[in-house]
Each structure stands twice: as C-alpha cells, then as structure tokens.
Amino acid sequence: MRFGLHLSVAQGLEATLAQAKKLRLECLQIFAGTPRTWRQKPLDPDQAAAFRQGLAALGLEPVVVHAPYLINLASPERGLWQRSIAALAEQIERARALGAAAVVVHPGSRGQRGLDWGLARAALGVARALEAAGEGAACWLENTAGGGGHLGGGLAELAELLARLPGRPVGAVLDTAHAWAAGYDLAGAPAVAGFLDEVERALGLERVRMWHLNDSLHPRGSRRDQHTHLGRGLLGGGCFAALAAEPRLAQAGGVMETPKDSPRADPRNLAYMRRLRTLAGRRGRRSEKPWLAGS
Ligand SMILES: [Zn+2]
Ligand SMILES: [Zn+2]
C-alpha cells in the first residue's frame, strides 16, 4: 500500500504542497475549499496551475478532493438536493483545476424515505453533477457508518449505487473506521482477509480506488464515527498490519484522516504504517526462501 494524508489547504496550496513533500507522501487528499460552508472562495488560476505542476513533480497517486460535508445527494428536500448537485459539480471542476483525479463524496442521507428511493436519488444526483461538470475528474463514493438514513453503510449499497451509474467515471472509497462502525469486522488479520473477500464479492477490489485508514474510538456496529490514531483504537494494530501486508492492496492508496492533535501526529501515523509495510516486506522475502523460515 502507498500512504498519504488528508491535508488542510487552510494555509494555502503552496504550503500544502510543501507539507506533502516534507512528509514524503505517496498519495493525498485535500479539501478544495472550506469543508463546512456552501460558499467557496474562487481558486486563483495561477496558484492552481502551480499546485498541479507541483503534484505532478512529486508523483503523488492518487490525489483527491474530499467534498464538503453539507452536500447531501440523497436529500428528500428538493432545494437542498439541487444545491448539493451544484456544489458537487463545482468540487469536480475544482478537482480538475488542481490536478486531482476525483472528488470523494458520501452518498448522503435519504432521511425517512425508503432505501430504493434513496439509492435512485443519490445516483441521479451524482450523474447530474458529473454532467454539469463535464469531462476530467471522477466521483468516488465513500462508505459510511450508516444509520440515520445514511446510504453506503453496507458494501451492497455502494455496489448498487455504482451499478446505477453505468459508464460514468465513478468508483468507491473504503474507510476502515466507517466499515467498523457499520458492523464489519476488521480487528486482526483473519478479519481483514475476510473483509477483503467480501469487498471482492460485493464490489470488486478494482473499483475501490482509495482507502481511508482510520482507527476508531467506538465499538463495532455502533454507527458512531470518531477517528483516532492508527493502532490506538478498537481496530488496533492487527488491522493496520494486515492491510499493510495485504498483497491485494500492494498498489492501493491509503489516506489517513487521523486527528491532528499535535504537530507530531501526522509524521507518527505515517511512520507507523511505513514500519508495518517494511516488516511485512521482510517477512514476505523470508517466506520466498523456505530454508530461512523461522529464523
Ligand atoms: Zn469522508
Ligand atoms: Zn473517510
């Protein structure tokens, strides 16, 4: 797996780029504006172009934009739904200007409406946003903790959404803490292997375009989503060791959305995953030489 972080752009695009370089990131997620407001400050075209060139020079793969949280593509409220479509289209345009491959968005909440209604509504919302934005950047749907009418808690719901968007530039993003909150077991190597088998059956791993690596403070199935540092929550070290060692994820990008509660938090979480990857690589090399097994 290749590792990256969600980085703030609050200090400007240039500072974000410098940080990605300093931390030697291999993939990257950003907000392309403010995550909790509708109104977005226009991007400066020169700064966006410099950012795009800087990213290309660093070889980050993939780079994505996370959509603001106000967007609800499954909203039963017509006004909010239309506003969400326009906002997603704007994010896709921003992603393109910044050289990002895709916008990551949550499928949204259908409120009291039925599941089938919600899936149709969300799929139509994504399709309309992609049409409005034109060619250039994709839209990747993230799994959620579920609950409260939120779509995408189950892998089958994500698969159903993608199935309703044939021929569109769409994919899935899987967040470990959200999957755990939705009830999937990821604690320990056998659980992770079982989860990946389920992902293969429900979605196909090739449609999972990125992973979000987060530990969780709340029990499995709690529908509560609160991220913590890798190896320090209820998913625990076994989960992240297994993901780092998983050959099926060797080329996958894993972005950490862990708390930034100290200046050392990001480097520490990155170092944690890199160490697990190195250890897994050594074990792999040893097992290719059976005469060294157990040494
Ligand atoms: Zn998200
Ligand atoms: Zn996430």
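Tutor: Of the 295 residues of the chain, 46% count as buried. Buried means 20 or more other C-beta atoms within 10 Å of the residue's own, exposed means 12 or fewer, and partly exposed lies in between; the C-beta atoms are placed from the backbone. This is a predicted model: local features need pLDDT of at least 70, side-chain atom pairs count only at pLDDT 80 or more, and totals for chains, interfaces and linings use all residues. Residues are numbered from 1 along each chain as its sequence is written, while chains are lettered from A and ligands numbered from 1 in the order in which they are written.

The chain has nine helices and 10 strands. These are DSSP runs numbered from the N terminus: helices are H or I, at least four residues, and strands are E, at least two. The radius of gyration is 19 Å, close to the 19 Å from the globule rule for 295 residues, so the chain is as compact as a globular protein of that length. The radius is taken over C-alpha atoms, and the rule is 2.2 Å times the number of residues to the power 0.38.

Now the barrel. Eight strands close it in the order β1-β2-β3-β4-β5-β6-β7-β10, with parallel pairing. Strands pair if DSSP finds at least two bridges between them. Between β4 (residues 102–105) and β5 (residues 138–142) there are four bridges. Here Ala102 stands opposite Ala138 in β5.

Next, the packing. The largest nonpolar core has 87 residues; Val64, Leu88, Ala102, Val103, Cys139 and Trp140 touch the most other members. Such a core is a set of buried Ala, Val, Leu, Ile, Met, Phe, Trp, Tyr and Cys residues joined through C-beta atoms within 7 Å. Helix α3 (residues 78–98) gives the most to this core, with eight residues.

Look at Cys139. Beyond its neighbours within four places in sequence, Cys139 is in contact with Ile92, Ala102, Val103, Val105, Val126, Ala129, Leu130, Pro169 and Val170. Contact means C-beta atoms, placed from the backbone, within 7 Å.

Finally, Leu165. Leu165 is in the loop between α5 (155–163) and β6 (170–175). Leu165 counts as partly exposed because 18 C-beta neighbours lie inside 10 Å. Not counting residues up to four places away in sequence, Leu165 touches Ala123, Val126, Ala127 and Val170. Val126 and Val170 are also among the contacts of Cys139.

Conventions:
Two residues are in contact if their C-beta atoms, placed from the backbone, lie within 7 Å.
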